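Biologist: I am new to this model. Please put the sequence and structure up, and I will ask about a few places in turn.

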Amino acid sequence: MRAPSPHDDPGLAVEEPRPSALAGAQPVAAFTQLASLLDLLALLLAGLLWMDAPLVGGAFTPLEAQLIGLGLGVLCWVAMLSLTPATLGRLLDMPWAIADAALLPGLVGGAIALLALLFAERSLATALLLWPAAALSLLLPLRILLSGLAIRGVRDGWLRRRIAVVGATDMSAELIHRLTDPANPEIPDLVGVFDDRDATRRPPEVHGVGVRGDIAELCRRAQNERLDLIVIALPLSRAMDILRSVQQVQALTAEVVVLLEGQNAAPQGTRVSVIAGYPVLQLVRQPLQPGAVLAKGMLDYLVAALALLLVSPILLLAALLIRLSGPGPVLFRQPRVGRNGRMFNILKLRTLRWDPADDGTRGVVANDKRVTPIGHVLRVLCVDELPQLINVLRGEMSLVGPRPHVAHMLVAGRPIEELVPGYGARHRMKPGITGWAQVNGLSGTMSDVAMARIVIAHDLAYISEWSLWLDLRILARTAVISLFGRNAFDVQLREWKGL
């Protein structure tokens with residue numbers, strides 16, 4: 001069964017949630033996000049230049065010109081994000097980069113001009129044809145510049161993808177040979193080869209690249225080193241080994257692919273990608289493309305900064321009440337697991353009685369006597385979570401995402417990783433202040449295995465079906481819940497209708 005979707009009926013849950021991936025803030029992703037943003041700025045500037053043309057002034061009113069010029073720019077940018085995104089592979093091929101820049105502005109502007117010619121005056125069509133000319137005059141030089149920067153970045157090493165290879169096999173040796181070939185326009189940095197066989201059975205190196213250890217070692221390295229892509233170079237006859245490898249790396253933000261060369265011939269009709277001439281099948285994808293990462297990041301920083309400014313009087317009042325209620329610090333800090341398995345200190349207003357011996361690993365339960373009277377009010381109104389806006393501004397959290405858990409959290413006395421298949425996949429996205437599970441009433445302590453599976457299923461469904469609109473829906477529901485209050489231990493497996 002699949003995980004409950006944000007578009008499904010309320011209360012739907014499953015036993016085995018589906019994992020997904022999330023792009024990280026890495027040099028390649030940062031460069032492509034910058035390229036997408038520059039595309040938008042160029043299109044908006046083209047709209048401004050178009051408005052000042054005499055033909056436009058004679059055909060449209062100033063308000064009409066502004067709406068058309070800026071609207072065409074945004075429409076074209078959205079289409080470019082979907083159809084011709086500024087990926088590293090496209091930018092490294094300058095002819096393709098130029099073609100991408102020319103195609104959509106020409107099609108969008110030409111289509112609008114043709115409609116105007118058919119259904120309106122010829123002067124309107126002539127004026128509209130000036131917009132793609134203005135857009136191309138800015139986009140073409142920009143894409144040429146970005147393509148040149150990408151080529152130089154790969155050559156100099158600062159824009160290379162970091163790739164790990166799983167499996168010390170003949171397939172991995174041939175792949176490494178092709179990747180390191182000077183003729184390859186996208187030479188990567190190879191993190192190493194990783195193989196789960198014991199040290200006596202695996203070779204010390206493969207085609208000059210060291211075998212660094214097993215897949216557990218790869219996961220440890222990924223917590224401190226950037227990793228963009230994991231290539232599994234195992235034959236499909238070892239399907240169980242491939243599955244185990246994917247399960248071990250599912251908490252990392254890297255894409256995961258399996259080679260389809262030789263023994264792994266691609267089945268007819270399979271949609272594959274190509275790496276250094278090798279066909280590969282994507283097993284774990286990154287759901288957030290560069291434009292989506294940029295949009296979600298902008299939403300996080302803008303809303304968090306504004307919200308922190310607006311709620312600062314509430315935070316100051318709450319801090320004063322906590323200080324007057326008894327001894328102990330105002331803020332509660334605790335290590336939590338973040339994106340890619342990295343640890344960070346989450347910030348909350350302290351709602352429990354101060355106990356220096358309490359390390360915070362014991363979860364709060366219903367009618368917990370450790371909760372102070374003021375702490376109870378703060379928890380009901382969700383005010384205790386507001387300091388996490390600082391975590392968002394630090395880049396450790398997002399406004400919306402799976403709630404951060406303590407490392408090796410216990411459910412019914414056992415580690416949650418052992419109880420919930422696919423649990424690690426929730427760490428492929430930044431944890432959030434609120435999430436899909438929370439707005440469906442799943443914000444209490446996970447006291448049993450069934451509840452843990454339902455919560456994680458909601459988290460993974462959010463990751464696999466992420467959209468900016470879904471984030472906005474969740475934020476709106478969270479605001480309503482905060483205004484009207486909700487007991488953190490009343491689990492309601494339903495949606496809030498009408499939002």
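Biologist: How do helix 3 and helix 6 stand to each other, oblique or roughly parallel?

Modeller: In this predicted model, the axes of helix 3 (residues 62-83) and helix 6 (residues 122-156) cross at roughly 50° and come within 11 Å. Axes are lines fitted to C-alpha atoms, for helices over the stretch in contact, with angles from 0 to 180 degrees between N-to-C directions. Angles under 35 degrees are roughly parallel, over 145 roughly antiparallel, 65 to 115 roughly perpendicular and the rest oblique. Helix 3 and helix 6 are therefore oblique.

Biologist: What limits apply to the model, and from which number are residues counted?

Modeller: Local features need pLDDT of at least 70 and side-chain atom pairs 80 or more, while totals for chains, interfaces and linings use all residues. Side-chain values use heavy atoms, without hydrogens and water, and residues in each chain are counted along the written sequence from 1.

Biologist: Which residues of helix 6 meet helix 3?

Modeller: The contact (heavy atoms within 4.5 Å) involves Ile68, Gly69, Leu72, Gly73, Cys76 and Met80 on the helix 3 side. On the helix 6 side are Leu128, Trp131, Leu139 and Arg143.

Biologist: Which residue is the bridge partner of Phe332 in strand 10?

Modeller: Strands are DSSP runs of E with at least two residues, and helices runs of H or I with at least four, numbered from the N terminus. Strand 9 (residues 331-337) pairs with strand 10 (residues 343-349) in the antiparallel sense over seven bridges, where pairing takes at least two DSSP bridges. In strand 10, Phe332 has as its partner Lys348.

Biologist: What is the phi of Asn340?

Modeller: Asn340 belongs to the hairpin of strand 9 and strand 10, with five residues between the strands. Its phi is positive, near 65°.

Biologist: Is His207 buried or partly exposed?

Modeller: His207 lies in the loop between strand 3 (205-206) and strand 4 (209-213), and its phi is positive, near 50°. Its relative accessibility is 46%. Buried means under 20% relative accessible area and exposed over 50%, with a 1.4 Å probe and protein chains only, so His207 counts as partly exposed.

Biologist: How far apart are the C-alpha atoms of Leu283 and Val258?

Modeller: Leu283 is in strand 8 and is partly exposed at 35%. Beyond its neighbours within four places in sequence, Leu283 contacts residues including Ile232, Val256 and Val258. Leu283 and Val258 are 25 residues apart along the chain, and their C-alpha atoms are separated by 7.0 Å.
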